[in-house]
Amino acid sequence: MRYVKLAGERVPAIGQGTWYMGEDPDHRAAEVKALQQGIELGLTLIDTAEMYAEGGAEEVVGQAIAGRRDQVFLVSKVYPHNASLRGVPAACERSLERLGTDCIDLYLLHWRGRYPLEETVEAFERLREQGKIRHWGVSNFDTDDLRELQDLPCAANQVLYNPAQRGIEFDLLPWSRNHAIPTMAYCPLAQAGQLLHHPVLAEIGKRHGATPAQVSLAWVTRDEDVIAIPKAVSPEHVRLNAAAGALALTSEDLRAIDRAFPAPTRKQHLAMV
């Protein structure tokens with residue numbers, strides 16, 4: 001497994017996402033088991049949000065990490081409409097209760113909304129001083145948004161990134177690297193796993209004895225400052241995601257991916273889902 005330095009801490013380059021978890025009670029046991037299996041395999045960064053199933057995903061995570069909280073780097077996100085000086089602490093308390101913990105390792109603003117950024121940051125800093133969160137960051141922020149935070153302790157930016165969505169490479173990713181702000185990549189297999197059957201990724205995978213999904217995860221995390229957070233529920237997918245952390249792509253592999261998914265040559269609007 002490769003690792004990334006985030007706010008001075010060492011976290012796995014591949015973690016676990018929870019989008020769409022917590023929506024069906026019949027799936028709860030499988031979701032909890034998948035997260036626990038991932039922790040055992042080294043996928044100890046878990047990302048969730050109050051938005052996911054309106055708190056249902058946080059409840060799944062809370063059940064999964066019960067008795068093993070100290071093994072996990074826990075990430076959650078606050079809704080923009082809760083990102084006021086009063087709204088942030090109230091939302092954080094609800095998340096803490098659902099997660100069954102007294103502290104969130106990294107608390108993110110899910111996307112920018114109507115409240116001034118300074119107000120949200122002040123609320124985050126108060127939570128940090130109170131020990132309710134250890135670090136704070138943002139999600140779905142473009143370069144100009146991050147510039148407003150460049151003198152503040154923003155720990156990470158979570159954005160859409162995968163071989164088919166490379167827009168951040170033109171300016172956002174370089175800017176983040178220059179300012180030591182790690183990038184967390186959501187939908188690293190594209191939305192609905194659209195890259196799972198791509199012929200170029202399949203051919204590269206065949207050379208390495210890997211799946212297209214593993215190739216995509218290895219590509220997303222090929223540098224030392226990007227964390228991928230794929231979601232998996234089946235035991236086999238969890239195992240494959242963890243094994244992707246040891247897959248090293250060759251320069252030939254990277255050139256093949258560049259030909260199939262060209263890097264951006266100009267500024268692009270920040271993609272979001």
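Asp144 and Arg147 join their side chains in a salt bridge, with N to O at 2.5 Å. Both residues sit in helix H5 (residues 143–147), three residues apart, about one turn of the helix. The model is predicted. The salt-bridge count comes to 22. The protein chain holds 10 helices and nine strands.

**The Asp144–Arg147 pair**

- Asp144 is exposed, at a relative accessible area of 55%. That value is over 50%, so Asp144 falls in the exposed class.
- Arg147 has 40% relative accessibility and counts as partly exposed.
- Elsewhere, salt bridges with shared partners link Glu9, Arg69, Asp105 and Arg134 into one network.

- Glu59 and Arg28 meet through their side chains in a salt bridge of 3.6 Å, N to O.
- Glu59 belongs to helix H2 (residues 56–65) and Arg28 to helix H1 (residues 28–40), so this pair ties together parts 31 residues apart in sequence.
- Glu59 is partly exposed, with 37% relative accessible area.
- Arg28 is also partly exposed, at 25% relative accessibility.
- Arg98 and Glu58 form a salt bridge of 2.7 Å, N to O, between their side chains.
- Arg98 lies in helix H3 (residues 87–99) and Glu58 in helix H2, so the pair ties together parts that are 40 residues apart in sequence.
- Glu58 is buried, at 0% relative accessibility.

**Largest pocket**

- The largest pocket holds about 740 Å³ of space.
- Its lining has 36 residues. Cys187, Pro188, Ala190, Pro230 and Lys231 are the ones that lie nearest the centre of the largest pocket.
- Helix H8 (212–220) and helix H9 (235–243) each supply at least two residues of this lining.
- H8 gives the most to the lining of the largest pocket, with four residues.
- By class, the lining of the largest pocket splits into 21 nonpolar, 12 polar and three charged residues.

**Second largest pocket**

- The second largest pocket has a volume of about 190 Å³.
- It is lined by 15 residues. Nearest the centre of the second largest pocket lie Lys5, Leu6, Ala180, Pro182 and Asp225.
- Three elements each supply at least two residues of this lining: strand E1 (3–6), strand E7 (154–160) and helix H6 (172–178).
- E1 gives the most to the lining of the second largest pocket, with four residues.
- This lining divides into nine nonpolar, two polar and four charged residues.

**Cavity**

- The count of cavities of 30 Å³ or more comes to one.
- The largest cavity has a volume of about 30 Å³.
- Pro80, Ala83, Leu109, Arg112 and Gly113 line the largest cavity, together with Arg114, Tyr115, Pro116, Leu117 and Thr120.
- The cavity lining has six nonpolar, two polar and two charged residues.
- Arg112 and Arg114 are among the residues that line the largest cavity. Arg counts as charged, so these two belong to the charged class of that lining.

**Overall fold**

- The protein chain has 10 helices and nine strands. Its radius of gyration is 18 Å, close to the 19 Å that the globule rule gives for 273 residues, so the chain is as compact as a globular protein of that length.
- The C-alpha atoms fill a box of roughly 50 × 45 × 30 Å, taken along the principal axes.
- Of the 273 residues, 55% count as buried.
- Take contacts in the protein chain between residues at least 6 apart in sequence: 77% of them join residues at least 24 apart.

Conventions:
Residues numbered from 1 in each chain as written. Predicted model: local features only at pLDDT ≥ 70, side-chain atom pairs only at ≥ 80, totals over all residues. Heavy atoms only, no water. 1 Å grid on protein atoms, 1.4 Å probe; cavity = no way out; pocket = protein on both sides within 12 Å on 5 of 7 lines; lining within 4 Å. Points joined across faces, edges and corners; volume = space filled by probe spheres on them. Salt bridge = Lys/Arg side-chain N within 4 Å of Asp/Glu carboxyl O. Buried < 20%, exposed > 50% of the residue type's maximum accessible area, 1.4 Å probe, protein only. Rg over C-alpha atoms; globule rule 2.2 N^0.38 Å. Contact = heavy atoms within 4.5 Å.
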